[in-house]
Amino acid sequence: MILTFVLIIALFNIIGSLTMLVIDKRKDIAILTSLGANKRLIQGIFFFEGMMISIIGCITGIALGLIFCILQQRYGLVKMGTRMSLIDAYPVSLRLSDFGLVFLTVSAIAVVASGISARLSIKGLIDIKQDL
């Protein structure tokens with residue numbers, strides 16, 4: 001349940017940053033439209049950009065998590081607080097399936113967030129035409 005809330009917060013964060021990107025690129029959308037780009041092309045550009053940002057962030061996060069887990073296994077950076085127990089640091093187990101599940105979950109969230117961002121880019125295109 002806690003992980004679900006974290007994922008919902010992450011989804012809103014991704015949607016918010018991609019929406020800000022669309023708002024920031026309104027003039028660029030107008031230029032692309034004047035050069036002959038249709039709605040589908042503009043939507044595809046913003047979808048691809050959102051996916052690219054999300055996947056790069058996912059890979060970076062997985063790499064940092066892997067490094068931290070290896071350091072925790074070797075050096076026990078995060079202690080449990082008890083010195084009398086058999087294990088004084090939190091145990092860590094690395095499983096390839098966990099990394100795959102995280103990647104698939106983030107990819108699914110990225111598709112949803114990028115799709116919403118791409119739809120907002122088309123709405124921004126309609127707003128630009130009305131301003132002209």
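Two salt bridges are present in the structure, a salt bridge being a side-chain nitrogen of Lys or Arg within 4 Å of a carboxyl oxygen of Asp or Glu. The model is a predicted one, in which local features need pLDDT of at least 70, side-chain atom pairs count only at pLDDT 80 or more, and totals for chains, interfaces and linings use all residues. Residues are numbered from 1 along each chain as its sequence is written, and side-chain values use heavy atoms, with hydrogens and water left out.

Asp 28 is partly exposed at 38% relative accessible area, and Lys 25 is partly exposed at 29% (buried: under 20%; exposed: over 50%; partly exposed: in between; 1.4 Å probe, protein chains only). Asp 88 and Lys 79 form a salt bridge whose closest N and O atoms are 3.8 Å apart. The relative accessible area is 40% for Asp 88 and 46% for Lys 79.

The largest nonpolar core comprises nine residues: Ile 15, Leu 18, Leu 21, Val 22, Ile 29, Ala 37, Ile 42, Phe 46 and Ala 113. Such a core is a set of buried Ala, Val, Leu, Ile, Met, Phe, Trp, Tyr and Cys residues joined through side-chain atoms within 4.5 Å. At least two residues of this core come from each of α1 (2-24) and α3 (39-75), and α1 provides the largest share, four residues. Helices are DSSP runs of H or I with at least four residues, numbered from the N terminus.

Leu 32 lies in helix α2 (residues 26-34) and is partly exposed, with a relative accessible area of 30%. Beyond its neighbours within four places in sequence, Leu 32 is in contact with Ala 37, Ile 42 and Ile 45 (contact: heavy atoms within 4.5 Å).
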